[in-house]
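User: Could you walk me through this one? I'd like to start with the backbone and then move on to the ligand.

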Amino acid sequence: MKKSLLKLVEMLLLICLVAGCGKSAAPDGGAMDESISKADSYITVGFSQLGAESDWRSANTESMLSTFTEDKGYSLIYKNGQQKQANQITAIRMFIQQDVDYIVLAPATEDGWDSVLSEARDAKIPVIVVDRRVNAADKNLYSCWVGSDFELEGKKVSAWIKAYTEQKGIDPSDLHIVNIQGSIGSTAQIGRTRGLANAAREYGWDLMAEVSGDFTETKGREVMGALLKRFNNINVVYCENDNEAIGAIDAIESAGKKVGPDIANGEIMVVSFDGVNEQALSYAREGKISCIAECNPLHGPRVEALIQALEKGNSPDKYNYVDEKIFSSIADVKSITVGNIEYQVEMP
Ligand code: GZL
């Protein structure tokens, strides 16, 4: 039951006891307003978002803000962590002080949450983790999680690279790959990095470097520029989100090189993740980005469904994965198979 409602019922009972049974009376002896004030009937949600580093993040925030509205019976307190876990921990402690009904956490990185999540549990406030994961020793420190299978995303992009280059007769050892990683320690980075590293080892690709671009366009451009100075044979750039890919493409073209899938004729293939940023989708439609693994940011309705289940006393699944697509405008690869599941390649 919503905490504010519970408190109101307790107050009403107390007033009845103090003023004698029968008609409840307000402390000043006047007739108690029997209608629960609107504010008391809201489900209060404290949302700790990690930052605003990418278009994906902005879409994710917008999805939450447009879901948890007053006309739907919610009172949302939104706090932006500016990419710092310390800010998110401060926000969670504020939510506990305000005794919200639910805490929703989009964690910047996986580690370092046990203490503050224990405080939320002691305050009997359920926590829903969204997007990236937390490495809590006690899994009961949060009620449930909803997000993507990031390693599967990495496997999908790697399967696309394999299918395309095999069709073009390119020897696996002639693929010279650099990985512009996401924010180190985030679940998205860990999963996407592992997906590529395992594929490179299995297929015999030359994975030359893994450097963080922190999921931003600026850092993606900077890191790509440095990698082009370091290596003269890069022909695949694996960007762990679209914002990095846009920056990397700018750096590649500024260096006088051509971006595209035609590795055999000197082009540099760029692949990416998210499928949110319009510029990236446009690049994918023109073949500048060869392939994008979708990472769906619209978690608001999914989190609402979990809260509604908890409100009803139900126990939702602990881990709730989002189905996601793979995009490319390069017609050579119609579908890819990962773990015996076939994924149709769709137009971006
Ligand atoms: C993935 C999310 C990642 C996106 C990036 O779910 O955590 O963080 O892929 C974002 O764009 O910055």
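Predicted model: local features only at pLDDT ≥ 70, side-chain atom pairs only at ≥ 80, totals over all residues.

User: What is the phi of Q82, roughly?

Analyst: Q82 is not a glycine, yet its phi is positive, at about 50°. Most residues other than glycine have a negative phi.

User: And where is D99, and what is its phi?

Analyst: D99 sits in the loop between α3 and β3 (102–105), and although D99 is not a glycine, it has a positive phi of about 55°.

User: OK, on to the ligand. Which residues come nearest?

Analyst: There are 13 residues around the ligand, of which E53, D131, R132, R192 and D274 come nearest. By class, this shell holds five nonpolar, two polar and six charged residues.

User: Which side chains have polar atoms by its oxygen atoms?

Analyst: Among them is R132, with a polar side-chain atom 2.7 Å from a ligand oxygen, while S54 has a side-chain N or O atom 2.9 Å from a ligand oxygen, and for N241 the distance from a polar side-chain atom to a ligand oxygen is 2.9 Å.

User: How much of the ligand does the protein bury?

Analyst: The ligand taken alone exposes 320 Å², and the protein buries 100% of that; the space the ligand takes is the largest cavity.

User: Which elements give two or more residues to the shell?

Analyst: Those are α2 (55–67) and α6 (187–203), and at least three shell residues come from each of domain 1 (42–148 + 297–321) and domain 2 (150–295 + 325–346).

Conventions: Residues numbered from 1 in each chain as written. Heavy atoms only, no water. Near = heavy atom within 4 Å. Polar contact = N/O pair within 3.5 Å; in protein donor to acceptor, adjacent residues only side chain to side chain. Areas by Shrake-Rupley, 256 points an atom, 1.4 Å probe, with all protein chains shown as cover. 1 Å grid on protein atoms, 1.4 Å probe; cavity = no way out; pocket = protein on both sides within 12 Å on 5 of 7 lines; lining within 4 Å. Sits in = over half its atoms within 2 Å of the grid points. Helix = DSSP H or I, 4+ residues; strand = E, 2+ residues; numbered from the N terminus. Nonpolar A, V, L, I, M, F, W, Y, C, P; charged D, E, K, R; others polar. Domains from an automatic or database assignment.
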